[in-house]
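Reader: I would like to learn how to read the features of a protein model step by step. Could we begin with the strands and then move on to the rings and the sulfur link?

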Amino acid sequence: MTNNIKFLVCAIALTVFACDQTIDVDEDTGFEIFTIPAGSHNSIIRNEDFSGTGIDIIVKFDESAEYTLDVASDQADINKLIGFSDCAQHHQSESARIGWRWFNNELQILAYSYREGNLGFELMGAVALNTEISLSIRLVGDTYQYTGTGLQSVTMERTSDCESGENYWLWPYFGGNQPAP
């Protein structure tokens with residue numbers, strides 16, 4: 001059985017993005033709809049510069065965020081919701097993201113970053129499906145600060161001698177090594 005994984009991100013929080021792709025927006029809520037098709041990793045491909053000092057979004061996951069992977073050990077892999085590269089580096093060297101996964105029968109939200117090529121993540125907590133959740137990542141000195149409605153706040157280290165230069169947005173991505181079921 002295959003299901004597309006869908007989640008909604010408040011379009012108001014994303015109006016700073018310029019893109020030349022068609023944006024699927026729910027006319028009733030104003031949320032931008034991201035769909036990761038079954039068998040895929042990406043919801044969209046956008047090449048957009050990031051020059052801010054953080055991200056604020058409101059997100060809502062529906063029942064399609066419940067999934068079971070063929071390889072049970074991969075169920076703990078972290079999917080990526082949104083984030084940005086940092087320090088003018090590739091995102092697997094320097095970046096901050098908010099991650100999510102369906103694990104232990106709950107939708108978990110995680111702080112997720114790469115620092116000097118080393119992956120770090122920390123569980124922020126679990127959220128209910130079909131509930132709007134405010135999430136943010138802030139650049140504060142040599143740290144990334146993650147917060148979310150009803151979630152534990154997390155601070156993760158950021159490279160202290162960060163180069164200035166071009167950074168880019170990171171969009172929804174499913175996996176780990178397995179694509180969306």
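Author: Two strands pair if DSSP finds at least two bridges between them, and strands (E, at least two residues), like helices (H or I, at least four), are DSSP runs numbered from the N terminus. By that rule, β5 and β12 pair in the antiparallel sense over two bridges. Before we go further, please keep in mind that this is a predicted model, in which local features need pLDDT of at least 70 and side-chain atom pairs count only at pLDDT 80 or more, whereas totals for chains, interfaces and linings use all residues. Residues are numbered from 1 along each chain as its sequence is written, and side-chain values use heavy atoms, with hydrogens and water left out.

Reader: Which residue is the bridge partner of F84 in β12?

Author: Strands of a sheet pair through backbone hydrogen bonds, either parallel or antiparallel. Here F84 has W169 as its bridge partner in β12.

Reader: How many residues of β5 are buried?

Author: Buried means under 20% relative accessible area, exposed means over 50%, and partly exposed lies in between, with a 1.4 Å probe and protein chains only. In β5, seven of its seven residues are buried, and the strand is mostly covered.

Reader: How should I read an aromatic pair, and how many does the structure hold?

Author: A pair of aromatic rings is described by the distance of the centres and the angle of the planes. Rings of Phe, Tyr and Trp (its six-membered ring) pair if their centres lie within 6.5 Å, and planes under 30 degrees apart count as stacked, over 60 as edge-to-face and the rest as tilted. The structure holds nine aromatic pairs. One of them is formed by F50 and F84, which are stacked at 4.3 Å centre to centre with 5° between the planes. F50 lies in strand β3 (residues 49-50) and F84 in strand β5 (residues 79-85), so this pair ties together parts that are 34 residues apart in sequence. Both F50 and F84 are buried.

Reader: Why is the pair of Y67 and W100 edge-to-face?

Author: The ring centres of Y67 and W100 are 6.0 Å apart and their planes stand at 85°, so the pair is edge-to-face. Because Y67 lies in the loop between β4 (54-61) and β5, while W100 lies in strand β6 (residues 95-103), the pair ties together parts 33 residues apart in sequence. Y67 is buried at a relative accessible area of 5%, and W100 is buried at 0%.

Reader: Which residues do ring pairs link into a cluster?

Author: Ring pairs link F50, F84, Y144, W169 and W171 into a cluster.

Reader: Finally, which residues does the disulfide join?

Author: A disulfide is a pair of cysteine sulfur atoms within 2.5 Å. The structure holds one disulfide, which joins C87 to C162 with an S to S distance of 1.8 Å. C87 sits in the loop between β5 and β6 and C162 in the loop between β11 (154-157) and β12 (167-170), 75 residues apart. C87 counts as buried at 3% relative accessibility, whereas C162, at 23%, counts as partly exposed.
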